[in-house]
Amino acid sequence: MTKHATSKHAMPHSAAPQNGMLESGMTESGTLQNGALQTGTLHNGVLHNGTPRNDISRLDVPCARMPIDVGDFQTAVFDGFDGKEHVALYMGELHDGPPLLVRLHSECFTGDVLGSRRCDCGEQLAESMRRVASAGRGVILYLRQEGRGIGLAEKLRAYNLQDQGLDTVDANIRLGHLPDARDYGVAAQILRELGIDTVQLLTNNPTKVAGLTGYGINVAARVPLVIPPRPQNRDYLHTKAERMGHLLDAPASHDNVAPAPAMDALFDLLEHHRAQPMTARPFVTLSYAQSLDGCAAGVEDRPLAISGGAARCFTHRLRAAHDGILVGIGTVLSDDPSLTVREAEGHHPQPIVVDSRLRFPIDAKLLSHPDRRVWIATTHRADPQRVQRLEALGAEVLIVPADNADRVDLVALMAQLRQRGVRNLMIEGGGRILTQIVNRQLFDLLVLTVAPLMVGGVPAFAPRQGLLRQQHTRIAQPRYLPVGEDLVVWGRPQRADNGPGGAA
Ligand SMILES: NC(=O)c1ccc[n+]([C@@H]2O[C@H](COP(=O)([O-])OP(=O)(O)OC[C@H]3O[C@@H](n4cnc5c(N)ncnc54)[C@H](OP(=O)(O)O)[C@@H]3O)[C@@H](O)[C@H]2O)c1
């Protein structure tokens with residue numbers, strides 16, 4: 001591939017390494033000598049060996065649009081002095097506005113590509129993309145620093161040593177490597193190439209903050225990126241915290257999703273109702289996420305990742321505590337959800353979609369559910385050929401009486417679901433279904449996640465006209481749980497006119 005002319009970016013005086021971290025090889029006024037960046041080996045922001053290196057250059061390939069689940073990104077590729085192609089994945093306005101959200105993500109084949117649970121890399125990458133998409137602007141630098149800079153083969157050797165009892169730090173040392181051999185000079189240069197000199201850094205790793213600062217990028221804030229540990233990486237994350245100084249006790253820590261009394265009470269309540277004798281309908285949990293300004297979706301119903309990683313794990317745990325999970329066809333058309341339990345232990349609930357006109361797409365992910373046939377609830381008016389087609393593709397179509405508006409009658413559907421063994425049902429949206437469920441007082445528990453975002457999108461509920469004050473639905477004895485950066489509010493509905501709601 002051809003390259004652009006290499007860009008040399010002199011650092012401004014203000015960008016000189018800070019906190020006395022300069023040991024050798026740099027001029028006092030900056031970090032450039034002879035036009036080349038003095039990178040040496042920078043660990044924890046300390047330059048140990050100031051050997052001049054070439055600048056990075058942007059490869060002469062056009063920026064490419066990169067549509068990802070969470071949103072549309074742009075990509076640019078940079079040739080590093082290390083002979084590797086580093087990638088910038090970015091979206092939105094990079095130069096105007098508050099400091100940009102930036103993630104320096106070190107390549108991890110096993111975590112990013114294979115989804116290995118030995119580390120949290122894949123989940124951190126996904127969460128970074130989600131956060132940037134949520135913010136509408138930001139950059140993820142995908143740096144080719146496999147295995148904290150020691151390469152894939154050595155990382156696998158280190159894994160074997162870890163299986164013999166060494167931790168990740170001692171395994172690297174045993175193999176003759178530094179615990180962390182990464183250098184953030186390339187990252188700093190790419191950011192500068194993109195015209196970015198101040199960032200909010202999405203990381204738990206203070207070394208990244210020091211490293212980037214050492215190369216003249218102003219880190220205005222560190223934004224924690226804590227992924228709840230899994231049984232397979234708990235020790236690894238513990239070592240990163242204990243021996244490498246990673247800040248895993250930040251607000252988004254897993255402590256907030258570990259069983260706390262208020263959390264236990266919620267799951268105990270669900271278990272209690274699941275164990276009740278036959279009722280007319282399932283115990284119904286209304287669960288959705290909204291922003292601080294009350295939105296449950298972006299503009300034009302574009303999918304919007306609202307809750308953070310910890311809250312998502314919590315939601316998956318909540319799914320696992322239900323027999324069934326229900327959404328409206330609007331949600332399937334816009335989000336193509338799987339409705340499975342992936343980020344918690346437990347069984348997948350039975351997925352159910354309410355779809356009066358059988359608009360269900362034939363390539364929906366729900367048709368590839370790992371162990372359930374999706375139930376599509378429709379009315380007698382549904383096209384029999386469409387029913388046949390969807391059933392041939394693995395769905396089960398339930399014919400349910402229609403309501404006054406010729407849509408699926410939700411009361412009749414619930415009775416049918418109970419007959420089919422669904423003892424409790426989680427309703428995850430979207431707005432039209434939520435509105436109907438609340439209007440008809442068909443829920444027994446609300447679990448609302450509020451994320452610290454202002455979205456300016458679509459409100460969670462359609463406005464209701466002409467309701468009397470006593471018809472308002474109040475949540476009795478609400479409980480408030482911090483879950484990562486989000487707040488979960490849960491409680492049972494109580495209506496001034498008829499007392500607490502409840503499965504009949
Ligand atoms: N923030 C969150 O937690 C969350 C969760 C889920 C979804 N969402 C967002 O919500 C948006 C989708 O919401 P939505 O309101 O368009 O769709 P929806 O509530 O998922 O589905 C509504 C559709 O369901 C069908 N339906 C059948 N019987 C019904 C009944 N009795 N009452 C109401 N609807 C019935 C109707 O279509 P037919 O008449 O064709 O049957 C209706 O248009 C998406 O943008 C999605 O991203 C957000």
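Hi everyone, this is a short walk through one predicted model, from the whole chain down to a few residues.

Two housekeeping points. Residues are numbered from 1 along each chain as its sequence is written. Because the model is predicted, local features need pLDDT of at least 70 and side-chain atom pairs count only at pLDDT 80 or more, while totals for chains, interfaces and linings use all residues.

Let's start with the overall picture. The chain has 14 helices and 25 strands; these are DSSP runs numbered from the N terminus, with helices being H or I of at least four residues and strands being E of at least two. Of its 504 residues, 44% are buried. Here, buried means that 20 or more other C-beta atoms lie within 10 Å of the residue's own, exposed means 12 or fewer, and partly exposed is in between, with C-beta atoms placed from the backbone. Among contacts between residues at least 6 apart in sequence, 67% join residues at least 24 apart. A contact is two C-beta atoms, placed from the backbone, within 7 Å.

Now the core. The largest nonpolar core holds 105 residues, and L141, A187, V353, F360, I376 and A377 have the most contacts inside it. Domain 1 (13-145 + 182-250) and domain 2 (266-453 + 474-488) both contribute residues, so this core lies between them. By nonpolar core I mean a set of buried Ala, Val, Leu, Ile, Met, Phe, Trp, Tyr and Cys residues joined through C-beta atoms within 7 Å, and the domain bounds come from an automatic or database assignment.

Take A187: leaving out residues up to four places away in sequence, A187 touches L104, L141, L143 and L212. Helix 7 covers residues 206-214, and seven of its nine residues are buried, so the rest of the structure largely encloses it. Just after helix 7, G216 takes a positive phi of about 90 degrees.

On to the ligand. Which residues come nearest? Of the 31 around it, they are G328, G330, S356, G429 and G430; a residue counts as near if its C-beta atom, placed from the backbone, lies within 6 Å. Helix 11 gives the most to this shell, with five residues. Strand 14 (283-291) and helix 14 (431-439) are among the elements that supply at least two each.

Helix 14 also contains I433. I433 has 24 C-beta neighbours inside 10 Å, so I433 counts as buried. Beyond residues up to four places away in sequence, I433 touches V327, G328, V354 and I427. I433 and A462 are 29 residues apart along the chain, and their C-alpha atoms are separated by 9.9 Å.

Strand 14 pairs with strand 21 in the parallel sense over seven bridges; pairing needs at least two DSSP bridges. Within that pairing, Q290 has V450 of strand 21 as its bridge partner. Strand 21 runs over residues 445-451, and five of its seven residues are buried, so strand 21 is largely enclosed by the rest of the structure.

Setting aside neighbours within four places in sequence, F109 contacts L114, E146 and L152. F109 and L152 are 43 residues apart in sequence but 7.6 Å apart in space, C-alpha to C-alpha.
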